[in-house]
Amino acid sequence: MDRELLRAVFDKMTPDEEQKARMKRNILERLDRRTARDRTSVRRLGWAASSVFVILLATLVIIHLPFGAATPAYAISVRAGDGGALFTLMDGTGNRDGRVTSVRYVDPRPMLEFLIEGEDIASIRLETENEYVYAVDWTKPPDEVNPRYVKMLALKFEEDFRDYGQIWYRWVAWDMYQWAAEDNFSRFFGYGYEPTSFDYDSLTEQEKLELAAGNGSALGHMNLEDYPDHLKEDVIAITITDRQGRVTKQAIHVRVDNNRIGQTVVTAWLADNDDEYAGQ
Amino acid sequence: MSEEIGQPMKPVDSLETAFSELYERHIDTVYRVCYAMMGNRPDAEDAVQSVFVKLMRSRPSFRSVEHEKAWLITAARNHCRDEHRRWWRKKVVKLDAGMPDGRQGVHAPREDMTDCLLRLPPRHRLLLYLHYYEGYKLHEIADMLGMNLNTVKTRLRDARRRLKLELEEDEDGQGAVARRI
């Protein structure tokens, strides 16, 4: 092997100073965004502290009720689009007005990335109705990662495991994509299709500007007009069991549809407790 | 290249200082791993950023600088492999036909050699990089990537053979290069 020649080829792969500075800047920005979120959480602690008395009182009441076992709390955070911000979905009881928080974003290859954070989780089980999920394990020195699209994913955690947030779960609309990709991607906008619901006059000025700039184009997005309606939705049923054996069930609803300029949009929201999921 | 005999870690003052030092120590290696795996600049840059962000968020403890480097190489490999498996990859970027000029010295490689290398599967490019550029021994690569030693040997042999074939098939008079492999 001509090592010198090969080494010279790899040597050329070294980033230049401008690249290094740009990447470093981007990394620091991403870390800063995370820190800002953490600071927000700290501020919320102030509110929490003022409620301590109320919570203590409530706890005292609960532990004296015959079936009043405390329910573990878990944060389910959804990433809005590839590399986008994390939104923590609130369940119906956690929101001040009782409404479920949702996220909505444009994604030409519909995917939902989320993570589950909490304490003393022994196992997490995900089940989908229509599409698929897989997990990406970012913990410790990464081992062999074999993401497989499955409709049921069960993870068990060792006793000393704490980095639940380092496991990212991804829901992918694989069947939808397969359907759209049939006949040489015939169901993608740009292949003889035009967004049928396109109504230029009804757009806002911002949307018109985005269209003019090419940012709002639906080219390359899936045209879901003929896709069965019930398959545009999916439910990710989440079962979390803690080390004391307590089970918490929640569900993320996902819907994929076209917006009025034909882009593929993902909407996700957390089910109101486990009302819908309980029946499964 | 053993983790135990690597340069020991030194304490750092702040998160930003820690990051800057770590970044300067390993950016070249991590980028080259990502480039070797992804085959183009934009995807390599994205991958590098994700790997360092992941490191700073998970903050694993390392025994030495070599351990730290091995972790980053493995994380970069896994991230890039994950990216390759994503069917929804949004960026369809052609593999760089030639890399930017400016670092070509006495041993300036012929562009054909670069093209041939980029035509190999990413896992082959990674092994060639780790062995011939970074100087890792085969058992060290096996340990680092969690692979069987025989698998590493086989894959590296395949990588060499495929590179040789690519060079031989190249029509631009690559005979001289191919004969040296």
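1. Basis. This is a predicted model, where local features need pLDDT of at least 70, side-chain atom pairs count only at pLDDT 80 or more, and totals for chains, interfaces and linings use all residues. Residues are numbered from 1 along each chain as its sequence is written, chains are lettered from A and ligands numbered from 1 in the order in which they are written, and side-chain values use heavy atoms, with hydrogens and water left out.

2. Confidence in chain A. The average pLDDT (the predictor's confidence in each residue, from 0 to 100) is 72 for chain A. A score of at least 70 is reached by 60% of the residues. Among the elements of chain A, strand E5 (residues 121-128) has the highest mean pLDDT, 92. Helix H6 (residues 275-278) has the lowest, 42. Helices (H or I, at least four residues) and strands (E, at least two) are DSSP runs, numbered from the N terminus.

3. Strand E11(A). This strand spans residues 264-270. Six of its seven residues are buried, so the strand is largely enclosed by the rest of the structure. Buried means under 20% relative accessible area, exposed over 50%, partly exposed in between (1.4 Å probe, protein chains only).

4. Partners of E11(A). Two strands pair if DSSP finds at least two bridges between them. Strand E3 (residues 102-106) of chain A pairs antiparallel with E11(A) over five bridges. Here A:Arg104 stands opposite A:Thr267. E10(A) is antiparallel to E11(A) and joined to it by seven bridges. A:Val256 has A:Val266 in E11(A) as its bridge partner.

5. The hairpin. E10(A) and E11(A) form a hairpin, with five residues between them. A:Gly262 lies in the turn and has a positive phi of about 90 degrees.

6. A:Thr248. This residue belongs to strand E10 (residues 247-258) of chain A. A:Thr248 is buried, at 9% relative accessible area. Its C-alpha atom is 9.7 Å from that of A:Ile124, 124 residues apart along the chain.

7. B:Lys69. Helix H3 (residues 65-85) of chain B holds this residue. B:Lys69 is buried, with a relative accessible area of 13%. Leaving out residues up to four places away in sequence, B:Lys69 touches B:His26, B:Thr29, B:Glu134 and B:Tyr136.

Notes. Contact means heavy atoms within 4.5 Å.
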